[in-house]
Amino acid sequence: MSDLQKADAAQSKNPGMLKAVLRNPLMGVLAVLIVIFVASSILSPYFLTPYNMSVVGRGLAFVALVTIGQASLMLLGELDLSLGTIGGLCGIVTGMLMVNAGMNPWLSCLLALCLGAALGFINGFLTTALRLHSLVLTIGTAGIYGGAILVLTRGVAITGIPPEIQFLGRGTVWGIPMPFVIMLVMLLCAVFLTLKTPFGRYMYAIGNNRDAARMLGIRVDRIRVLVFVLAGALSALAGVLLVARLGTAQPSIGNSWVLGPIAAAVIGGVATTGGVGTILGAICGAAIIGIIENIIVLFGVSPYWQGIVSGAIVVIAISFDAISRRWLRKES
Amino acid sequence: MSKFTLTLAALACSVTAFAAVAQDAPGTKTADSYRFVIVPKVVHPWFDKVNDGAQMAAVAIKAQTGSDVEIVYSAPQSADVVQQNQILESSIATRPDGIAVDLLDPAGNRASLEDAKSQGIPLTLFDSVPPEGMAIPYIGSDFCEQAKIASRRLVELLDGKGKVAIMMGVPTAPNHSIRAECHREVFAEYPGIEVVAEGIDNDDIQVAQQQAAAIMQANPELDGWVASDAAGPVGIGQAIVEAGKQGEVILVGLDNLNEMIDLIRDGVADSSSASRPELQGYWSVMLLWQQATGAPVPSFIDTGNAFLTKDNLGL
């Protein structure tokens, strides 16, 4: 019996399993990611080189950490536009603690993560206590946190980051960039939390219908605040890792982490209205964006055309995803 | 062996030795084609002029040597060091014959530059200085001197007395912050000059216009403006025209964008202290090409600043 026949036989024995896999909303975005990855490998001789893979992986790691936080909030139906400035402010603070105050670098990093969690708590507390829409509130807090960066630095980067923590941003583990390894660990934790724990189920329940979740006895506001705290801490981690990568604390850290993670989550199938999508899908979305940004440079696309090219690829990708989902729904 | 045979043998030896030396001599490596990557700070008209200069150099090399030179211009969409490093590292992956970069932050770009160096890719910096301890040839002009030329001109036009304002550009960009600081230093030398306001335009003409309009409303006695970036004076000029303060508020601009030249021609701006982006692009490519041929190159080329007025522009 050939391999093909064996596969057919296995499929006929268990037809539900394949359909279930195909019906998984993650499959669409994963297929798009694989197509883009394979096409890039074929079209550019430079794409699959170990150096370029480490460039893509490292670049993806920082934005993916913020995407995990943002996607978790989006599952609740929330949006935090201050995550970028939280990452930037925590990066600056960790730099100031290490360089200006001479504090132990590891303790500085830890305090920066705590600061990120605290800033996330402020966002969550104000959103729940004042019954404000998180999108509107975090426009304001993003301004405050971003302003604090300028007040603290006057626009000047903090240099002289101790070499012992630069391993976090520049080092590798078996050739894999350290930030990517850390991001993978955080991703696994987030996937486990959202899909395998009651906390995760409550998140989906709140995102689907907040009032119904409250009636079921779920402590809605507590969970919302906790997710804001986690998102803040993850952004702070991204900021700290980037400081370790650059060897300086840049006031511009986090500027590109505002819309990118939201776009990544949406491409990955996370609904802005809450309750739909997965963290893994959001990271696939981030990877799609990361690869597109990379291949645009590898192909030498003019900077004036880059927006059009990357936008068009994203539109094609999400259209393909939407069409495949509709087809699967029809099939089922 | 006859004398003639001996002379011939000696001649042959010396020709062979000379040929061997010539083959190994610096700057003698040749190639049919070169591919150089230009990575500016951000998509901006000032860097388009750098690219124009780079293209001119490519044409010149082709004309002189017959080698094809491809210039790949790859600019970040925003002035973000992380984005610039991504572009830099993706460019390194394509194994070009050289990369010219305008560093957003020398320390922040260091790891990417080290990657390029470790892979033997020639580097040149323009409009910026190398990170501490890294030997990379660089091209540029003195930002501080450029700013001081403008602020001294304003002081001269105001006879050392008056209220002035500074547009700061992007506060996180080192060249903008250096220029703003040097403006302040010059004004501090004159007790009759008072800096009444400072604006941030983030190198955006529209933001500069809004900031300048607001500052002029809040300070109706304002006498003059200087800027720290190329977009700033263009926005300030537009705000002066809209407020009907042409001739009342003096503007000494910065750089040589087409809009800046128009403002000088229309009498809205008195003059401009300009760096020379085309020259920086031209010599960036020339330095990369020289490095690719194995020639030794100077550690710094100063392209200088030009002081542009209606007279010397022939307007």
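**The interface and an aromatic cluster**

In this predicted model, 28 residues of chain A are in contact with 31 residues of chain B, contact meaning heavy atoms within 4.5 Å. Residues are numbered from 1 along each chain as its sequence is written, chains are lettered from A and ligands numbered from 1 in the order in which they are written. Local features need pLDDT of at least 70, side-chain atom pairs count only at pLDDT 80 or more, totals for chains, interfaces and linings use all residues, and side-chain values use heavy atoms, with hydrogens and water left out.

The area buried between chain A and chain B is about 2500 Å², and carbon and sulfur atoms give 55% of it; buried area is the accessible area (1.4 Å probe) that two parts lose on being put together, summed over both. On the side of chain A, Tyr51(A), Val297(A) and Pro303(A) lose the most area to chain B, together 24% of what that side buries.

Which residues form the salt bridge with N and O atoms 2.5 Å apart? They are Arg245(A) and Glu89(B), a salt bridge being a side-chain nitrogen of Lys or Arg within 4 Å of a carboxyl oxygen of Asp or Glu.

I turn now to the aromatic residues. Trp46(B), Phe47(B) and Phe126(B) form one aromatic cluster; rings of Phe, Tyr and Trp (its six-membered ring) pair if their centres lie within 6.5 Å. Both Trp46(B) and Phe47(B) are buried, that is, under 20% relative accessible area (1.4 Å probe, protein chains only). Phe126(B) is buried as well.

Definitions and conventions
Buried < 20%, exposed > 50% of the residue type's maximum accessible area, 1.4 Å probe, protein only. Phe/Tyr/Trp six-rings, centres within 6.5 Å; stacked < 30°, edge-to-face > 60°.
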